Amino acid sequence: MGGGRNVERLVAVRRSLRTSLDRSRALGAALARAGPRLDEIRQRLPLMEAAVRPIRADRDALADAGGHIDRAVVPAAAVLKVFDAVHGLERSLLSDPRADLPGYLAVLKHLEEALRFLSDNCGLAVQWLDDIVDYVDDQTLADQRFIMGLKSCLDSLKSAPSPLDGGLLAATLDKLESEFRLLLAEHTTPLPMPPDTSDASTISTSPIPVLVINKLRAILERMTANNLLDRCLSIFVDVRGSNIRASLRALNLDYLEITPNEFNDVQSIEGYIEKWGRHLQFAVKHLFETELKVCIEVFEQTGPPDVAVSCFADIAARAGILGFLRFGTIVTETRKDPIKLLKLLDVFATLNKLRLDFNRLFRGKDCVEIQNQTRDLIKRVIDGACDIFWELLHQVELQRQMPPPSDGAVPRLVSFITEYCNKLLSDEYQPVLTQVLIIHRSWKQEKFQEEMLTDAILDIFKALEANFDIWSKSYGDTSLSFLFAMNTHWHFYKNLKGTRLGELLGEAKLKEHEQYKDYYAASFLRESWGKLPPLLSREGLILFSGGRVKARDLVKQRLKGFNESFNEMYHKQLSWVISDKDLREKMCQLVVQTIVPSYRSYMQNYGPLVEQDASASKYAKYTPQSLEKMLGSLFQHKPGRTMSLSIGHSNGKLNSVMNNLSRSASTAVILTVWGVSKFSQVELDACLHGPVAVLPPLSSRHHVPMSLPGDRDCFHLTRLPLQGKPIKTSMDGSDQ
C-alpha cells in the first residue's frame with residue numbers, strides 16, 4: 001500500500017518537473033523574442049529622456065500652463081478634422097462629372113466651403129499655437145532647443161506655398177471646364193443657308209436644349225465662384241465662333257479675301273456682290289441672331305450684366321463679320337462707272353434691310369469696331385453713289401465730241417443710257433436711290449425734293465437727245481444721216497413706250513419720236529433708192545423698124561447707168577445697219593418695192609432689145625429675183641453689237657465705256673412690230689415723190705448743252721471731295 005503511493009508521488013513529481021521544464025523553455029523563447037524590442041526600448045529611452053529633460057518647471061507652473069495649451073490645441077484639432085474631410089471628397093471629385101453633374105457640383109460646393117473654412121482658420125490655429133509657444137518660452141517651461149524646434153515647425157506652416165487641398169480644387173475645376181466644352185460641342189452644329197435668307201420665319205430658335213442650358217449655367221456658377229469665368233468665355237467663343245465659321249465656309253466665301261489689286265472695275269466682281277448680299281443676310285439674320293440668343297440664355301444670369309453682349313461681340317468678330325464689311329469697302333474703292341452706281345445701290349439696299357438688326361445685335365462698347373466699320377462703309381456707299389449719279393449728266397455731254405457709228409446703227413450710248421435710266425426709275429432702284437440722295441443731302445443740311453431725282457434723269461435723257469441731234473448732223477452722207485436718225489428715233493420710241501422713263505417724257509414726246517422715224521424713213525428712201533427708178537426712163541424709146549437701133553442704144557445706156565448706180569449704192573449700204581429686226585425687214589421691203597417693180601416692167605418691155613445683143617450680160621446683169629434677194633440682205637445686224645447694263649467684254653473689263661458706246665451700235669431687242677406688213681403703191685409713191693412734212697429740228701426742243709471740255713474717259717471720274725456732316729449711327733442718318 002505504502003509502495004503504491006510512493007510511485008504515484010514520483011509520477012506526479014516527474015510530471016510537474018516536465019511541465020516546469022516546458023514553461024522554462026517557453027519563457028526562454030519569449031525572452032529571446034523580446035530581446036530586440038528591449039534593445040529598441042533601450043535605444044529610445046535616451047530620446048524620451050531628452051524630450052522630458054527640457055521641462056524643468058515645477059508641477060504648479062506646468063499645471064497653470066495646461067489650460068492655455070488645451071485652448072491652443074482645440075482650433076488646430078478642428079482644422080485637422082476639416083482637412084481630413086477634404087481628403088474624404090477626393091474620390092467623388094476625381095470621378096467623371098457627367099455621370100451625376102448636380103451631385104458632382106454639390107460635392108464641389110462642399111469642398112469650396114471646407115477650403116474657405118481652412119483658409120479662414122488655418123492662420124488662426126497657427127497663431128494660437130505660435131502664441132502658446134511664446135508663452136512656454138516666456139515662462140521658461142522648456143529649454144531653448146525645444147522651443148526653437150517648435151517655432152521652426154510653425155514657420156513652415158505659415159509659409160507653405162502649396163494649396164491646403166493638395167490641388168484637388170484645381171483638378172475639379174479642370175474637369176468642369178472640360179465638361180463645359182464637351183456640352184457645348186455636342187450641341188453645336190453648322191447651320192445651312194435657307195433658300196430665302198430674308199424670311200424671318202426661318203430664323204432658328206436656340207439650338208441648345210433647355211436642359212443643357214441649365215447644365216452650362218450650373219457649371220458657370222461654380223466657375224464664376226472660383227474666378228474662372230474668363231476661361232469659360234474663352235471656350236464659348238472658341239466653340240461657337242468655330243461653328244459660325246464652319247457654317248460660312250460651306251458658302252465658299254473666298255471672294256471676301258479679294259484685294260483691290262485683283263480687279264479693275266466693279267463688273268469684275270459683280271457676281272460676288274449679289275452673293276455678298278445673300279450671304280450677309282444669312283450671317284446676320286440667322287447665324288448672329290441665333291448666337292446672340294444663345295449668349296443671353298447662357299450668360300444672362302452669370303457674371304457682369306454685359307458679359308453676354310461682350311461674348312457675342314468676340315464671336316462675331318472672330319466669325320468674320322468684319323470680312324463682310326471689308327468686302328463692301330472694296331466695292332466702294334473700284335473705279336467709277338454707271339454700273340458701279342447700281343452695285344452701290346445694291347450694297348446700300350442690303351445694309352438698309354439689316355439696319356435694325358445691326359443696331360440691335362452690334363450694340364455697346366464691345367462692338368465699337370464693327371459699328372465704326374459699318375458707319376464708314378455706309379458713308380462710302382452713299383458718297384460714291386451720289387458722286388456717280390450727279391456726274392452722269394456731265395459724262396453724257398462729254399460724248400458729243402465723239403463720232404457717231406459709221407454704219408448708221410443706234411449708238412451703244414443711246415441704248416445703254418435708255419436702259420440705264422429705266423433701271424434707275426424701276427421699283428428695284430428708285431426707292432433706294434431716293435433714300436441715298438435724301439441721306440446725302442441731310443448730311444449737308446439740305447432738303448431733298450421728290451422731283452430732284454426725276455428731273456436729273458430727264459436732264460440726262462435730254463442731253464442724250466442733244467448728242468443724237470449733233471451726231472445726226474455730222475455725217476457726210478445725207479442718206480446715212482437719215483438712216484441713223486430713223487434708227488435712233490425708232491429705238492427711242494420702241495424702248496421708251498410703256499416704261500417709267502416713257503411715262504415721264506409723256507405720250508406726246510414718244511409720238512414725236514415715232515413721227516420723226518416716219519419722216520426720216522421717207523427721207524432716206526427719197527435720198528437714196530428713190531433716185532434709181534428715174535434712171536430707167538422710157539423717154540425717147542420708139543419701137544418701130546427705123547428706130548430700133550436707137551432704142552437699143554438708149555436702153556443699153558440707161559441699164560448701164562442703172563447698174564452702176566445700183567452697184568455703188570448696194571455696196572455702200574451693205575455695211576449699213578438697221579438695228580431693229582422689224583424695222584430692217586420693213587425698210588428692205590420698201591426698197592424692194594421701190595426698185596424691183598420698175599425694173600421688172602422695164603425689162604419686160606425693153607429687155608428683148610438688149611438680150612438679142614452679143615453683149616447682153618453686160619447690160620442685163622440682174623433679174624428681178626436677184627435684185628429682190630440682194631436688197632433683202634441689206635442693213636443686217638452685226639454680231640457682237642448688243643449692249644445691256646450687265647454686259648461683259650471678252651477681257652472681263654469695261655474700259656472707257658461711254659466712249660465706246662458712242663462709237664458703235666446696239667441691237668436692243670424690240671418686242672413690238674412697227675407698221676403694216678406691206679406698203680401699197682400709193683403709199684410708196686407718197687414716200688418717194690410726195691411732199692415731206694417739215695419737222696422742227698431736235699436741238700430747238702432741248703436744253704442748251706454745256707461747253708465741252710477736253711476728251712476724257714468717263715469711267716475714270718475725278719473723285720470729288722466728301723462734304724457734309726459726319727455719318728450718323730443709323731443708316732438713314734437719324735440719331736439712334
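Trainee: How many helices and how many strands does the secondary structure of the protein chain come to?

Mentor: The model is a predicted one, and its helices are counted as runs of at least four residues, its strands as runs of at least two. On that basis the secondary structure of the protein chain comes to 26 helices and zero strands.

Trainee: Among contacts between residues at least 6 apart in sequence, what percentage join residues at least 24 apart?

Mentor: A contact here requires heavy atoms within 4.5 Å. Of the contacts in the protein chain between residues at least 6 apart in sequence, the share that joins residues at least 24 apart is 87%.

Trainee: What is the reach of helix H20 from its first C-alpha to its last?

Mentor: Helix H20 covers residues 507-527 and so has 21 residues, for which 30 Å is expected at 1.5 Å a residue. The value computed from the model is close to that expectation, since the helix reaches 30 Å.

Trainee: Tyr519 and Tyr520 form an aromatic pair; what kind is it?

Mentor: A pair of aromatic rings is described by the distance of the centres and the angle of the planes. For Tyr519 and Tyr520 the centres are 4.8 Å apart and the planes stand at 75 degrees. Because an angle over 60 degrees places a pair in that class, the pair of Tyr519 and Tyr520 is edge-to-face.

Trainee: Is Tyr520 buried or exposed?

Mentor: The cut-off for buried is under 20% relative accessible area. Tyr519, at 23%, is therefore partly exposed, whereas Tyr520 has 18% relative accessibility and so counts as buried.

Trainee: Why is the pair of Phe562 and Phe566 stacked?

Mentor: Phe562 and Phe566 are four residues apart in helix H21 (residues 548-573), and are therefore separated by about one helical turn. Phe562 is buried with a relative accessible area of 1%, and Phe566 is buried with 0%. Their ring centres lie 6.0 Å apart, and the pair is stacked because the planes are at 15 degrees, where the cut-off is under 30 degrees.

Trainee: Which residues do ring pairs link into a cluster with Phe562 and Phe566?

Mentor: A search of the whole structure finds 26 aromatic pairs. Ring pairs link Phe562 and Phe566 into a cluster with Trp529, Tyr570, Tyr599 and Tyr622.

Trainee: Over the face of which residue does Lys517 lie?

Mentor: Lys517 is one of the buried residues of H20, which also include His513, Glu514 and Tyr516. At 4.6 Å from the ring centre, Lys517 lies over the face of Trp490.

Terms used. Residues numbered from 1 in each chain as written. Predicted model: local features only at pLDDT ≥ 70, side-chain atom pairs only at ≥ 80, totals over all residues. Heavy atoms only, no water. Buried < 20%, exposed > 50% of the residue type's maximum accessible area, 1.4 Å probe, protein only. Phe/Tyr/Trp six-rings, centres within 6.5 Å; stacked < 30°, edge-to-face > 60°. Lys NZ or Arg CZ within 6 Å of the ring centre and 35° of its normal.
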